[in-house]
Amino acid sequence: MSTATTSFFEPASVTSSGRPVLHQAEVECHLLSSVDLETEPTTTATTPINSLDFPALKSGLGILTTHRLLWLPSNATTDSSSPISIPLSSVTHIFSPKKSIKSMFHSPRIRFQVSVHSRSVLVTLVIRGKGDIDGFLTKFWDCWRGRAWEIGNDSGGGSSSGSVPASGSVSGGGLYSSDGSVRLVGVSGILRKEQEMWESTDKSLQEAFHDLNALMRKAKEMVILAEKMRQKLLSGSSSQSNSGNDEEMGSKEEMQDWLLSVGIVSPVTKESAGAMYHQQLSRQLADFVRIPLEKAGGMINLIDIYCLFNRARGTELISPEDLLQACSLWEKFDVPVMLRKFDSGVKVIQNKSHSDEEVFARIKNLVSKPEALRSGITASDAAMTLGIAPAMAKEHLLTAESKGLLCRDISPDGFRFFINLFPEINSDDIHMVKDHGIYSLWIKSW
């Protein structure tokens, strides 16, 4: 990308999986694939601008949020273009699409005016992929008119303290009511009473929905606040790892657990992502699993991630099929996590940096202890040593057995694993006892 483009449009930050880093209170609204970003020559009163200074950005991902319009390259590894963002606050005008015979044979286009630092450029989005163009344009108008970037942390509208007056409520009979007005009787009185009841119900519903909207605004603010606190804890964990006592570290871990359950600020949905739903869900999932993987020792069961991810998404739940498809797409993306399937059929998520050799070395060290040489180890023993769940520890033990490192003993008490001594036995003299090695330690342990 040329320096003119980077100096005019703001650069956009992305995560390791290619997802955009959103600002505070920013929410994704719509996504489109295969989007070209072009500029047209325009002239201001101070500086003439030529479109040649802004080369076209081809075939990228267009993401509309409440604050910005983002353009990300479709393939960050091969595309030399950098992600850019256009703040909606700099958009001065959105042009209505022209309906003509010529437009029927061309890709849909969305044109709008951008003004930054007394410089103005006419930007055209050319949508060459499939997507809801009308829906994107409607969301574009709504986000631009909504001006969410100007909305501060309001205290959430004042609650109404007025109460609904009783309709025709009197203690005694008679022609006159308690306020001195004439009481309506007969059919007209029934109709009047029904009307007052409907008015009272309508007012109560309006107050209830007003309070509900205020609650939703507060809940959104709490999610944003929790996300900021989580980022601060993550950034401070590395710098304060060498200082502080165990009580402070324990409180930080509890706080991270609580913040993890608060939720994702802007979950990817089918409505916002459209045809790009599974791709964007895969990237968001790759960003989400980073913290659970660190706590689980680099590997976690797929079922556990399904529960954690859905809990974080709140009401925007996903199906197991969507989760499995999102994980399978990691092979196409440059993300630091991967989906792994053990021989037993158990599927887990692990870091690409996770090393089985390191795990096998720790298991070998555990089974080589004198007590383990006599009675063996269980999955629970390995789980305590490796710091992982017993189900995951059992899979590691079975894998180590398939590599010839361990032997298995099946009894009514369950599985017990022992160090494999057969490689140290001399086939020519099976009764010879070596003075060194694991076999010698096993003899001495008895």
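Modeller: Here are the terms, each set against its definition.

Modeller: First the ground rules: this is a predicted model, with local features needing pLDDT of at least 70 and side-chain atom pairs counting only at pLDDT 80 or more, while totals for chains, interfaces and linings use all residues. Residues are numbered from 1 along each chain as its sequence is written, and side-chain values use heavy atoms, with hydrogens and water left out.

Colleague: Why is His354 called buried?

Modeller: Buried means under 20% relative accessible area, exposed over 50% and partly exposed in between, with a 1.4 Å probe and protein chains only. His354 has 18%, so it counts as buried. Across the protein, buried residues make up 37% of the 446 residues.

Colleague: Where does His354 sit, and what is it in contact with?

Modeller: His354 is in the loop between strand E13 (347-351) and helix H11 (356-367). Helices (H or I, at least four residues) and strands (E, at least two) are DSSP runs, numbered from the N terminus. Contact means heavy atoms within 4.5 Å. Leaving aside neighbours within four places in sequence, His354 has contacts with Gly297, Gly298, Met299, Val359 and His396.

Colleague: What makes a set of residues a nonpolar core?

Modeller: The members must be buried Ala, Val, Leu, Ile, Met, Phe, Trp, Tyr or Cys residues, joined through side-chain atoms within 4.5 Å. The largest such core here has 33 residues, and Leu285, Phe309, Leu323 and Trp330 are among those with the most contacts inside it. Helix H7 (277-288) is one of the elements that give two or more residues to this core, and H7 gives the most, with 5 residues.

Colleague: How do you know that this core lies between two domains?

Modeller: Domain 1 (10-42 + 53-147) and domain 2 (275-351) both give residues to this core, so it lies between them. The domain bounds come from an automatic or database domain assignment.

Colleague: And what makes E1 and E8 edge strands?

Modeller: Two strands pair if DSSP finds at least two bridges between them. The open sheet of 8 strands runs E1-E7-E6-E5-E2-E10-E9-E8, with antiparallel pairing. Strand E1 (10-11) and strand E8 (91-94) each pair on one side only, and that puts them at the edges.

Colleague: How many bridges join E2 to E10?

Modeller: There are 6 bridges between strand E2 (residues 28-40) and strand E10 (residues 119-127), which run antiparallel. With at least two required, the 6 found here qualify E2 and E10 as a pair. Val35, for instance, has Ile127 in E10 as its bridge partner.
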